[in-house]
Amino acid sequence: MTDVTSAKSARRPHHWRRDLVELAALFTAVAVADGIANLVGHSPDGPFLLVASAVALVATATFHTWWARRHGHAPPAGTSDTTGATGATGAERADDGTPHETTLWRMRTTVQDAPGSLAALCTALASLRVDILTLQTHPLAAGTVDEFLLRAPGPLQARQLTHAVSAAGGSGTWIERADAHDLVDTPTRVLGLATRTALDAAELPLALRQLLGRCTIHSLPAVSLTGRPTGDLPPVEGVLEDTVMRLRDPNGGAITVERPYLPFTPTEFARARALVELDARLGPRIPRSQDVLTLPEGNEITVRRADQSDVEAAKAMHERCSQRTLGHRYHGPVGDADRYLNHLLSPRFGRTLAVQTASGRLVALGHLLWDGDETEIALLVEDDWQRRGIGSELLGRLVALAREARCNSVYAVTQSSNTAMVAAMRGLGLPLDYQIEEGTLVITARLDGSAEQHRSWFEQAER
């Protein structure tokens, strides 16, 4: 270490101007000291001046020591904790020190598999003051798909980003707004989705949707409601066709994943197959937790998850329900109601909550059904147990499940004369939209409270 320091000192240039300044300061100090000595020596108040000077020097030294101890460990300007705080809330500081808002973006683009292509892309983003938070690469036969999570200045528009990326060599560029959930790195997110899938078979469609981004999931059973085969099943290894992938459903049938405009990569296809294989190995399963509630009149009921093992109990409830109650629920021939139960109670198509009495009799069902990229809510309460708050309790729990699944909205389809369902939906305290057509009422509840908050969209770059 000493040799290195000596070598650095030997290479340091000699500044003769600084030496002249130091010599002039020395001469000035000597002259001032001589003047003070003459003043003290020839003045009758000389001893008093010396004492006063000593006191002043001691006071100055004491003040300096106190100030240094109090402020010696303060952070330098520009590195205080406020910088980190504003960064955590989505704000940065501009050149003049004032904070400004930032926006999270997810962007995907295809670049040539050549040295320097990624560097050119990063340089183009840096010129727009865009911070790259995460980067994933998806190798292709020709080129590489790079997926970024970006933090950009708030005023920066999506079209400006895509133009800069295209100019830097990116092609097929797509961009969408991101949120705080996207800040989790990919391995952590995949492990979390695998855990959710392992605990609940109903999570597989949701896990695929969150894994692959904005896409639509369709589950097609192997046999229709009338008992006829629905069509050819995909092979066990699945099929990847540009923006569509088809996977074999472990419960029978097929799972189709579609994404508009943005082709799936082999890496995404492999991740989706891994989740489906995990689901197949674990077999049928639902969480066995249950809640015991007391109704206003004192009767106890149990609310729990239901699956296809409850089909016979659900059919028995159908037999006890009136034609009017079944008609409000199924909007079709009442005699066909039993055919829907095996589909409705399958965890692949959604989540079902069952209400049973202390004796074990099933008296109500609440369904949260995955309908492509939308979510439907449906209720059926046995006649003798209506008007006791069971429907409202089920509806509130289903909405909570929809929020956990990050659904933006839920909708209910009923007859316009079903005032009980209308009242239950209004009791949620959420923004509602009503659509009536030929006696059929569709009520949509927005869970995010704003139509603009979680709006997602893709934009293709101009080439």
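Glu176 and Arg106 form a salt bridge, with their closest N and O atoms 2.8 Å apart; the term covers a side-chain nitrogen of Lys or Arg within 4 Å of a carboxyl oxygen of Asp or Glu. This pair ties together distant parts of the chain, since Glu176 sits in strand β5 (residues 171-177) and Arg106 in strand β2, 70 residues apart. Helices (H or I, at least four residues) and strands (E, at least two) are DSSP runs, numbered from the N terminus. Both Glu176 and Arg106 are buried, that is, under 20% relative accessible area, where over 50% is exposed and the range in between partly exposed (1.4 Å probe, protein chains only).

The model is a predicted one, in which local features need pLDDT of at least 70 and side-chain atom pairs count only at pLDDT 80 or more, while totals for chains, interfaces and linings use all residues. Residues are numbered from 1 along each chain as its sequence is written, and side-chain values use heavy atoms, with hydrogens and water left out.

Arg106 also forms a salt bridge with Glu147, at 2.7 Å between the closest N and O atoms. Here strand β2, holding Arg106, is joined to strand β4 (residues 144-153), holding Glu147, across 41 residues. Glu147 counts as buried because its relative accessibility is 11%. A further salt bridge joins Arg108 to Glu268 (2.8 Å, N to O), linking strand β2 with helix α9 across 160 residues; Arg108 and Glu268 are both buried. Arg106, Arg108, Glu147, Glu176, Arg259 and Glu268 belong to a network of salt bridges, and the count of salt bridges comes to 16.

On a 1 Å grid over the protein atoms alone, a cavity is a set of points where a 1.4 Å probe fits but cannot get out, and a pocket is an open set with protein on both sides within 12 Å along at least five of seven lines; lining residues have an atom within 4 Å of a point. The second largest cavity has a volume of about 60 Å³, the space filled by probe spheres set on points joined across faces, edges and corners. Its lining includes Arg106, Arg108, Glu147 and Glu268.
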